[in-house]
Amino acid sequence: MHSRISRGPNGQFIIRIQENVLLYCCQLVITLLLALSTSVNGQTIGSPIQSPAPAPARAPAPQYTNLTELLSVAGPFHTFLEYLVSTKVIDTFQEQANNTEEGITLFVPKDSAFFKLKKPSLSNLTVDQLKSLCLFHALPHYYSLADFKNLSEISPVSTFAGGELYSLNFTYVSETVHLSSGWTNTKVSSAVLATYPVGVYQVDKILLPEAIFGTNIPPTQASAPAPAPVVDIAPDADSPDHGKNLATSSQDSSSRSSSHRMMSWGMLNHLFLAIVGGFLMLL
């Protein structure tokens with residue numbers, strides 16, 4: 001290579017300059033390689049490269065619940081649903097169910113509860129009263145069945161209708177949730193839906209608030225007691241009838257005993273006479 005490049009008188013000097021430049025470039029490349037090998041992205045060679053911590057997984061968004069569709073197909077709640085739609089309370093409940101973090105708890109009476117209700121009548125209520133009645137059947141928070149045990153300790157609990165006279169009392173007895181509004185005493189008979197943020201529970205009666213029907217609550221008519229089974233009871237030992245019965249029984253026993261003895265003696269007499277007569281005939 002040297003012989004090909006430098007044939008002139010100054011060729012040897014040029015070769016040395018080229019060799020110095022080449023040496024300098026090699027040193028520079030080696031230095032850069034060493035620098036890169038000792039530090040890669042701020043990490044020292046020999047230490048593992050730490051991967052960034054994964055971001056926490058987001059909780060799945062609550063599933064949208066269409067309350068109108070649910071009450072239409074989940075059970076015999078058509079009458080209550082008609083009241084919710086006519087008063088537009090269903091829109092308030094739907095907003096609370098799907099657009100708030102609190103959720104909603106709804107108590108839905110069966111159709112039979114409206115048929116059985118005679119007094120007080122709902123036909124005389126105003127539009128505002130009907131709306132308050134519907135709002136009275138919901139709590140502005142989601143509660144599971146297990147949560148009602150705690151509600152029994154902090155009762156009364158305010159409903160969507162608001163106000164002290166629109167509150168409900170809860171008791172939790174033997175895994176059963178009981179509700180009382182003053183006018184109504186009922187219980188949760190089944191859970192239609194109990195998944196956050198919506199809790200829908202079936203009740204057997206309409207919840208009647210004191211704010212609408214007043215605080216002068218008529219006494220609950222007690223159901224007639226079941227007839228007791230007929231049992232023959234012996235008369236009291238101290239009663240006069242008992243003494244008469246004992247005397248009569250004693251007399252009857254004595255008469256029967258005397259008659260039995262008389263019959264026995266008569267038979268013996270006949271037998272004795274028959275034996276004596278037979279003996280005399282032999283003589």
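The legends below describe close-up views of a predicted model. Local features need pLDDT of at least 70 and side-chain atom pairs pLDDT 80 or more, while totals for chains, interfaces and linings use all residues. Residues are numbered from 1 along each chain as its sequence is written, and side-chain values use heavy atoms, with hydrogens and water left out.

**View A. The largest cavity and its lining.** The search of the whole structure returns one cavity of 30 Å³ or more, and the volume of the largest cavity is about 50 Å³. A cavity is a set of points on a 1 Å grid over the protein atoms alone where a 1.4 Å probe fits but cannot get out; lining residues have an atom within 4 Å of a point. Grid points are joined across faces, edges and corners, and the volume is the space filled by probe spheres set on the points. The lining consists of F80, Y83, P109, F114, L133, C134, H137 and I206. Two or more of these residues come from each of α4 (78-86) and α7 (127-135). Helices are DSSP runs of H or I with at least four residues, strands are E runs of at least two, and both are numbered from the N terminus. Seven lining residues are nonpolar, one is polar and none is charged. Here Ala, Val, Leu, Ile, Met, Phe, Trp, Tyr, Cys and Pro count as nonpolar, Asp, Glu, Lys and Arg as charged, and the others, Gly among them, as polar.

**View B. Contact of α4 with α5.** L81, L84 and V85 of α4 meet V89, I90 and F93 of α5, contact being heavy atoms within 4.5 Å. The residues of this contact comprise six nonpolar, no polar and no charged.

**View C. The loop residue K88.** K88 sits in the loop between α4 and α5. Its phi is positive, about 65 degrees, although K88 is not a glycine. K88 counts as exposed because its relative accessibility is 59%; exposed means over 50% relative accessible area, buried under 20% and partly exposed in between (1.4 Å probe, protein chains only).

**View D. Surroundings of Y142.** Y142 lies in the loop between β4 (138-139) and α8 (148-154) and, at 13% relative accessibility, is buried. T105 is 37 residues away in sequence, but the C-alpha atoms of Y142 and T105 are 5.0 Å apart. Beyond four places in sequence, the contacts of Y142 include E102, D147 and Y196.

**View E. Two cis peptide bonds.** The bond from K119 to P120 is cis, with omega near -5 degrees, and P120 is in the loop between α6 (111-116) and α7. The bond joining S155 and P156 is also cis, with omega about 5 degrees.

Conventions. On a 1 Å grid over the protein atoms alone, a cavity is a set of points where a 1.4 Å probe fits but cannot get out, and a pocket is an open set with protein on both sides within 12 Å along at least five of seven lines; lining residues have an atom within 4 Å of a point.
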